[in-house]
Amino acid sequence: MKVIIDRRPIWVIVLVRSLRPIFFLALGFIFWYLINIPTPSGLTIQGQRALALFVVCLILWVTDALPLAITSLMAIVMVPLLGVMDKKAAYALFGNEAVFFILGAFILSAAVMHSGLASRIAVLIMDRFGNTPKGLLASIFLLAAVLSFFMSEHAVAAMLFPIVLEIAKGLNLKPGKSNYAKSLFLALAWGCVIGGVATFLGGARVPLAAGMLKEATGITIGFFEYTMVVFPTVVILLFIGYIGLTRFFPQDIQDIHLAKDVFARKIKGLGKMGYTEYAVGILMLITISSWLLFSRMAGIANIAIIAVVALFVLKLVRWKDIEEYVNWGIILMYGGAITLGAAMEKSGAAAWLANTVIGDWANSPVLVIAVFSLLTILLTEGMSNAAVIAILLPVSIGMAGRFNLDPQIITYAIAIPAGLAFCFPMSTPANAIAVSSGYITARDMAKAGIVMMITAWIVFNIMAKVYWPILGIKI
Amino acid sequence: MKNILLILSTSRTSQDAIEYAVNLAKKEKAKLVVLYIIETELTQEIFDKFTDIGFIGDKPSTQLTEAIMKEYRQRGYEEMGKVQIRAMEENVDFDAVTTQGDFVEKSLDVIERYKIDTAVAIKRKRSVFLKYFSKSIVDELVERASCKIEVFEE
């Protein structure tokens, strides 16, 4: 057995080893302190306890000291234990429509990936439109975005990454040096990020926000309604993103015929399109059409679950296949976030926090939206976007009441920017995947990403002021 | 016969260091051992991120990790090939080791196994902020290695 001697000074070793226990002890003390201080005026005892729990979850979500799902599970347990809500009501929130929609969307996305349909579409489109360097760049960027309209942006990034990697290798692009390679990998990441906010399907954060809104206020956001609100912003960001990619990384390659060999090899390897791919494609089309047309009437979760049942009735997937493609643990995160959000709202803690902490400086709805969207877009660069929603949405819904602002508007102001993480590998898995290629460095990504993040925030606020009133959403 | 070690890794390669190591081995009439370390921290971090916040399950995450590792291995073979060509041009005796894992531990293993006299390592440029708050792993290698380490800043 090999013995490794730690040669650091003893005080460093002791400090490093005791950091975690000290952190949790300090967290426990903060919780105890917040529970035991005299209840501030305007806040109920339940509200005070909900707020203490919220602060603890916030710290855990921000620091990643525990897995996100475990923090959420803790929230579900603590809400009834602290007497904020009764057990039945707290656990019932886990059965929220949003959680079942997310579950259905996970399974459908898994079926599309498993069938090979998404890879086939990707390769065929790149082959058809990638005839010039700019054409190939645009096709990767738009393909990543459009696929993220219909399935998880993380899944799209994971699926397209090996193809983009083969293209870069096929073109003999130098890792860390070739501008064109940098733009290809950034196109993959940004395409997924921008496309991921276009519908309820790009990530679980929008259904999570819609679920929290419904639990807090009873207001429902439909699939079509959300897409209508966000779609022009997505189109503008895609246009600006493409310009940015070509400006930040000026093209240093003229001929891409070698990439065609990659596509030819891939297409040959895929073979003929089979029954499963056709059937999954048709089922997805019917499901998405149903979400767009009947989500208010039939419910988004019901449509998702019926589509999942149809997958198995038609024998398009086996349960074993689905199990391998779905991250079940993360569903706990969403259930817990909805429970905590509802506890904050129903106990009055959200409104109290909004009025006490934020109320003084916020003197207009436009400013509230600008500040919350800015806070969201900044926080989402450093932490899970679902956690950002779980932290900011309860407070911002509480804030909406102060200005007679439709809580739906504030939900958009959090849910949409929460997906727009452009700057760092840790911001979102799509960025991490791009940097892992070694073709683009974290520094390159940050330089271009900061400009894109500021632009996205400005575009979002302009659209909120100019376009949303056309849809009847007045700020 | 003396042994010179050139340590390359996924994120640490330098043409200057390669030239220096080959010339040093020629001058000392030494054998040149090239170690290529495939760093797994980044892929592990991505895998963890997917498991923690990602939307997808084990299979796509594993496929993704495999794709990244395959790319890193190929890059390693290419780098080794470059060094081998230079060594052959200079008539330097050459041996290659490819491994994956912790940079410092793997380097120390090879230093011990080959009884290395001098090792050449590459240090990445770091911001002043990072330099102040954390030690580079190459500095750690310099401290722990039993042989002399020549450091090249990329």
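**A helix pair in chain A**

Mentor: On one side of the contact, α19(A) contributes I389(A), L392(A), L393(A), S396(A), I397(A), M399(A) and A400(A); these meet P407(A), I410(A), T411(A), I414(A) and A415(A) of α20(A). Contact here requires C-beta atoms, placed from the backbone, within 7 Å. By class, the residues of this contact are ten nonpolar, two polar and no charged (nonpolar: Ala, Val, Leu, Ile, Met, Phe, Trp, Tyr, Cys and Pro; charged: Asp, Glu, Lys and Arg; polar: the others, Gly among them).

The model is predicted: local features need pLDDT of at least 70 and side-chain atom pairs count only at pLDDT 80 or more, while totals for chains, interfaces and linings use all residues. Residues are numbered from 1 along each chain as its sequence is written, with chains lettered from A and ligands numbered from 1 in the order in which they are written.

Helices (H or I, at least four residues) and strands (E, at least two) are DSSP runs, numbered from the N terminus. The axes of α19(A), residues 385–402, and α20(A), residues 407–415, come within 9 Å and cross at roughly 155°. α19(A) is therefore roughly antiparallel to α20(A), a label for angles over 145 degrees. Axes are lines fitted to C-alpha atoms, for helices over the stretch in contact, and angles run from 0 to 180 degrees between N-to-C directions. The crossing of the two helices is right-handed, that is, the near helix is turned clockwise from the far one by less than a right angle.

Moving on to another helix of chain A, V357(A) lies in α17(A), residues 349–358. V357(A) and V395(A) are separated by 38 residues in sequence, and their C-alpha atoms are 9.8 Å apart. V357(A) has 11 other C-beta atoms within 10 Å, so it is exposed (exposed: 12 or fewer such atoms; buried: 20 or more; partly exposed: in between; C-beta atoms placed from the backbone).

Helix α16(A), residues 329–346, has 18 residues, which at 1.5 Å a residue should span 26 Å; its end C-alpha atoms are 27 Å apart, in agreement. The expected span is 1.5 Å times one less than the number of residues. Because 14 of the 18 residues of α16(A) are buried, this helix is largely enclosed by the rest of the structure. After α16(A) comes G348(A), with a positive phi near 85°.

Definitions and conventions
Parallel < 35°, antiparallel > 145°, perpendicular 65-115°, else oblique. Contact = placed C-beta atoms within 7 Å.
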